Amino acid sequence: RMFHDDELEESEKFYVGQPRVLLLIYALYNTLVARSEMVCYFVIILNHMISASMITLVLPILIFLWAMLSVPRPSKRFWMTAIVYTEVAIVIKYFFQFGFFPWNKHVDYTKDKPYHPPNIIGIEKKEGYVHYDLVQLLALFFHRSILKCHGLWDEDEKGDSSSNKEDTDDELSLTGGRRDSSASLKSVNLAASVESIHVHFPEQQAAIRRKSSSSISQLSHRSSFSSHRSKRDIFKNINHTTVSLYFLQCKLCAIKSHCGLCCFRTLQVYMPIRQFFYNLIHPDYSAVTDVYVLMFLADTVDFIIIVFGFWAFGKHSAAADITSSLSEDQVPEAFLVMVLIQFGTMVVDRALYLKKTVMGKVIFQVILVFGIHFWMFFILPGVTERKFSQNTVAQLWYFVKCVYFGLSAYQIRCGYPTRVLGNFLTKSYNYVNLFLFQGFRLVPFLTELRAVMDWVWTDTTLSLSSWICVEDIYAHIFILKCWRESEKRYPQPRGQKKKKVVKYGMGGMIIVLLICIVWFPLLFMSLIKSVAGITNKPLDVSITITLGGYQPIFTMSAQQNQLKSLDPNEFNEFLRSYRGNTAALQFLEGYAREDITRADLEGNSNSLWTISPPSRKKMIQGLQDFEADFTLVISWTIQRTLEEVYPYYIKAPSDSLAKPIKQLLKDCKWENITVSLVKNASEEWWVLNQLGKRQKTPQESLELFIFSDKVSPPSLGFLAGYGIMGLYASVVLVIGKFVREFFSGISHSIMFEELPNVDRILKLCTDIFLVRETGELELEEDLYAKLIFLYRSPETMIKWTREK
């Protein structure tokens, strides 16, 4: 072996022989070293999520608009800016922790106020004010040491000097060293802060080239120069000529006037930023990549967070969940605004992806970064009336959005793909892609919205209906291709019956699924109250008795201690009393002991009888009518027996209508009560007493048994509220319609379903996508006409789908 080294071989054997735990630690450390810049980004973002102040806001914005957009990696200037800024932030926070500052005297009162100026700036007094800043500084120094170890810390300065030297050599070779003093003055190096931009004069260079065209050597040199410099670089120099001249003028005028100095300082800041974004939009090379799917998933996760945690983006008085608000036909404003903004950004992102415009993506990134940070850390705390650091849901949403910003910056840095062919789920043909693709198509309006957006923002000659036709054919052919590939992986020999595993696995699952769908409402309504039901005991039981249309003679209610549950002995005795009554026992099977409540109502009315004398006189005349259905005993008190009017047992269902239980009443007759009018000086009231009470009491009273139906849990109330018939009409019948279409419409699609080999059709669809991306729109029309002819001609379809 030519490069054999015994020490290196022994070292490799030593590390391989280490315990696996130690090898895992080595691997984790190497991963940490390889992605040390991501560790720094994570710590900076985490520090900002916890502190949420203007001091910590600067670095996250610089990460998304500077560091992650730098090619190939962030420069030394960024890391020095981050280190120095963190050190200054630590000193500022330490300085403002002293107690002599006026805002530090009432910390407990102002610590939770989101718009308190020290809280916004980040100079409030608190414990552990600098812990995360120290961790952030430690991570930055760790990354700095790694860059120094690999020789990447001073790489930018060396690269700049070498590039400047190459530019100078090219200019000297181009002019042949014959520049006069004015030409030398016009190529002055302006400043290091503007990355050594030189002033070039295209017309002078063109004149020199014309003069040197007669010489063969000069012509060959010019040819080599043209190959060294691309057209993009030449246009970039021409584009910067005017700005560079103005920059030089401001520098010369700065000595003479203060206005010129201000203009010069402004250009010193503006020119590097302009050059940075110009190089980003017009890169020398582009490592094309496609992370749109990951960005879409990040936006989808944020969308889910908004739906299930929207209350965190509104007032504290907002409902706890979205279902309770929607059930009352109310749409919370915070939920509506967040959903519309999130959905709008997803649509714009899709449009930029289809148009492949890096400049639009850069502008959208800048707007989103500033807009999201301004809204999350300055507007949201005022809306929610609490600090961002105390809003866990908002912190989670912001962290996922930061992942989106990182992916978006990576997409900008690498450039959009030149071709977007098909769906990302159709890249391979297996069961996972098949089921995910079918699930994607089942989402309501997602397939239609994607197809229309793709048609709007893609250059094509096809109409919308033709576009949708191609998309549908491609989706159908992809599904068939997945099934054909599965048949090749798991072939079925001819003449052999299907295995029991397949029959009972697939067929049994379908049978169980159909049975569950058919009997789902009955099982659901039965189990929702018997297994997961909650006992709904009454809180108040009131009785009101009125004779005719006169003033009520008796009103009484029972609460708290007057509502009693039956003990086990009383409940058993209650059941034994109905031993021979089949209807009553059948009714009692649906109730447990805790569902029954006994209400003890006092016999004395809780209100005085304030009837007017004329009405009292008419009532007495009515009672003296012996043709009435009740008897009357005249004495100092009026006593009358009311037969079969009192409902001894009341059923309290889940709705508001309470009904008497006829199964428990003897011979379906209601109970008898007595009604008496008592006078005391100038006051009078009515007294009622139940004759046949289970709980024997000497004083006048009424006894009432309430059977409370169990109610569904709040989380399932929206489904249980439809009832059995509602569930059958809305769930079973709708699902049954789709199942019936699957089983009854097979014969009409045989010529499009039973295709042995779909590779040629799949390639034709892919060719349509390819020529569309390359701009060959006439060829797109021809291929589409070929595809339509293929589906119109069964004989041609048979030839195209034969096995090779």
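These legends accompany a set of close-up views of a predicted model. Residues are numbered from 1 along each chain as its sequence is written, and side-chain values use heavy atoms, with hydrogens and water left out. In this predicted model, local features need pLDDT of at least 70 and side-chain atom pairs count only at pLDDT 80 or more, while totals for chains, interfaces and linings use all residues.

**View 1. The protein chain as a whole.** Let us start with the overall picture. The secondary structure comes to 32 helices and ten strands, where helices (H or I, at least four residues) and strands (E, at least two) are DSSP runs numbered from the N terminus. Of the 804 residues, 36% count as buried, meaning under 20% relative accessible area; exposed means over 50% and partly exposed lies in between (1.4 Å probe, protein chains only). Among contacts (heavy atoms within 4.5 Å) with a separation of 6 or more, 72% come from residues 24 or more positions apart.

**View 2. Helices H3 and H8 side by side.** Here helix H3 (residues 36–51) meets helix H8 (residues 131–149): the axes come within 9 Å and cross at roughly 165°. Axes are lines fitted to C-alpha atoms, for helices over the stretch in contact, and angles run from 0 to 180 degrees between N-to-C directions. H3 and H8 are therefore roughly antiparallel to each other; angles over 145 degrees count as such, under 35 as roughly parallel, 65 to 115 as roughly perpendicular and the rest as oblique. The crossing of H3 past H8 is left-handed, a term for the near helix being turned anticlockwise from the far one by less than a right angle, with right-handed used if clockwise. Residues of H3 at this meeting include Cys40, Val43 and Ile50, and those of H8 include Tyr132, Ala139 and Ile146.

**View 3. Helices H21 and H22 at an angle.** Helix H21 (residues 446–456) packs against helix H22 (residues 464–489) at about 125°, with the axes 10 Å apart. That makes the pair oblique, and H21 passes H22 in a right-handed crossing. On the H21 side you will find Arg450, Ala451, Val452, Asp454 and Trp455, which meet Leu464, Trp467 and Glu471 in H22.

**View 4. An open sheet of five strands.** The strand order is S3-S4-S10-S6-S7, with mixed pairing; two strands pair if DSSP finds at least two bridges between them. Strand S3 (563–565) and strand S7 (659–660) stand at the edges with a single partner strand each, so one side of each is left without a neighbour in the sheet. Strand S6 (residues 649–652) runs parallel to strand S10 (residues 701–708), joined by four bridges, and Ala652 has Ser708 in S10 as its bridge partner. On the S7 side, S6 pairs in the antiparallel sense over two bridges, with Lys651 opposite Lys659.

View 5. With a disulfide taken as a pair of cysteine sulfur atoms within 2.5 Å, the count is zero. Cys469 is in no disulfide, and the nearest cysteine sulfur, that of Cys765, is 9.3 Å away. Cys469 is partly exposed, with a relative accessible area of 26%, whereas Cys402 is buried at 5%.

**View 6. Ser286 and its contacts.** Ser286 lies in the loop between helix H14 (258–281) and helix H15 (292–308), and is partly exposed, with a relative accessible area of 39%. Ser286 and Cys414 are 128 residues apart in sequence, yet 5.6 Å apart in space, C-alpha to C-alpha. Leaving out residues up to four places away in sequence, Ser286 touches Cys414 and Gly415.
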